[in-house]
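Colleague: I have a model open and want to learn how to read it. Could you take me through some features?

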Amino acid sequence: MTPTQLKSLAALLYPSIGTTPEYFEEKYPPRNLPEGAKVTRFAPSPTGFVHFGGMFPSTVSERLAHQSGGVFFLRIEDTDSKREVDGAEENIIKSYNSLGIMFDEGVTLNGETGAYGHYRQSDRKQIYQTYAKKLIEEGKAYPCFCAPEQLDAVREEQEKNKELPGYYGKYAVCRELTYEQIAGNINAGKSFVLRLRSTGDPDNKIKFTDLVKGNLELTENNIDHILLKSDGMPSYHFAHAVDDHLMRTTHVVRGEEWLPSLPYHIQIFAALGFRLPKYLHISQLMRMENGAKKKLSKRDNCAALSYYNTAGYPAATVREYVMTLLNSNFEDWRRANPAADINDFPFSIKKMSGSGCLFDFDKLNDVSKNVISRMSAHDVYVLLTEWAKENDPDYYALLTRDSEYAESILSIGRGGAKPRKDLTTWADAKQYMNLFYDELFGIQDMIPEKYDKNDVMNALQKFILTYNYEDVQSAWFEKIKDISESLGYASDMKEYKQNPEAFKGNVGDISMFIRVAVTGKLNSPDMYEVMRILGYNTVINRIKKFIKIL
């Protein structure tokens, strides 16, 4: 077609579009940012639950932007209304906010913020059609009137011939329609999609440098993919190119499953005359199943971000665990900087693995124990009660009945060079704290049968007679040592180890008798601190009740 015909064709196909690309280029100018500042985005589709795998591109994008003084924004890619799930957008925003992934611009629960919106693709239809119209005028795009049945027949023939599936070559029957033929179809009310007129050759290779994968050789795209659908809304591929350009995105972080689409994306950017952003394709998250690596799928419980909140993992745990998978040197940094904010970690693309990361629950739990152990008792209490309010209302009522009492429990063994690591998740706290609440208390462990019941009873009765709530810890323990000696148990562990046959047992055994009677467990936090929190009457009453069941 002649330039005049192409211009007429563009007006015929999209008559309501009067805006020009120049208008939007002026409306969304290059950002005024420091040199080297990166502009990144997280652009999920509201089509279901929030996947754990989304933490990888969002974390990398957030770090690249904020470590460089740049901008990180949230764009909602909702051009496929048929797949959209009610409440999914709100779930996305809440999930990432709760995990401390903070956006500078984009969609929020209270509308949009930022000068480069709209940030929902469904609100940007005019922009896409404006740039599509320009491609038509330049002969780079054309309308396709093929019905679904025709396309199905093409696909069947290609499969039969073992050819590359797609709309190209002899199969692209609408590619060379004349202006008159197109006008006739439009006047007849036929619906159409707009396709890119590909200039690619599958015999040619593109050399490309990915910031994670390194140097790549990719086969050129020769398929005339859809740019705009029959309802005028864009395909993901076209929309992301226009949006990333106008929002001035410098770095695109996404999963490696998008690599096959990269030649097409390069082609779209070139056709539009846009500068290509830098790409980082992240390896897929894997898990072990029956001794083999398998992609983490939506069927796995741990795939949903909501799982971690329900299971009681702190948001800080999820962020730290993701960082251990993203950067190989993060754990060394954390050991050297146990109290530092995670945002102080110098995240580096160079430390990212080009191969798949392996999801490991044991590793996640270790990270979580360390994260919780570093928190103050007050922070633990606040986060624990928030979790309990949503997931265990009865437990929440106990915790909030006396906040000072609950915090005193959580403060045991907290702080210092080697803090206790009793909690892996907030769900563990109820079992850990049950000995401090009569409503939850019960005898869970019994004293092993090898011990003489008379010794157990005598030890407990002697403790009742000598226990003084005002005793400092050293005086308290001296009394337990005295009880040990009176019953033929060694009060000195060194002496016991040198000559165990000379004693019935040792002071540790006597302490264990008292521990089980007071806490109901063979293992518990520091006994002196436990008794200080429980109070004199509770300690004595529990020991008396335990004696009765011996």
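Colleague: Which residue of β9 is the bridge partner of Leu194?

Modeller: Strands of a sheet pair through backbone hydrogen bonds, either parallel or antiparallel. Here the partner of Leu194 in β9 is Leu228. Strand β6 (residues 193-196) pairs with β9 in the antiparallel sense over two bridges. Two strands pair if DSSP finds at least two bridges between them. Strands (E, at least two residues) and helices (H or I, at least four) are DSSP runs, numbered from the N terminus.

Colleague: And the source?

Modeller: This is a predicted model: local features need pLDDT of at least 70, side-chain atom pairs count only at pLDDT 80 or more, and totals for chains, interfaces and linings use all residues. Residues are numbered from 1 along each chain as its sequence is written, and side-chain values use heavy atoms, leaving out hydrogens and water.

Colleague: In what order do the strands of the open sheet run?

Modeller: The order is β5-β6-β9, with antiparallel pairing. β5 (141-144) and β9 (226-228) are the edge strands, each pairing on one side only.

Colleague: How many residues does helix α6 have, and what should they span?

Modeller: An α-helix has 3.6 residues a turn, so residues three or four places apart point the same way. Helix α6 (residues 148-160) has 13 residues, which should span 18 Å at 1.5 Å a residue. The expected span is 1.5 Å times one less than the number of residues. The end C-alpha atoms of α6 are 18 Å apart, which agrees. Lys162 follows α6, with a positive phi near 55°.

Colleague: Which residues does Phe436 touch?

Modeller: Contact means heavy atoms within 4.5 Å. Leaving aside residues up to four places away in sequence, Phe436 touches Tyr405, Ile409, Ile412, Val530, Ile533, Leu534 and Arg542.
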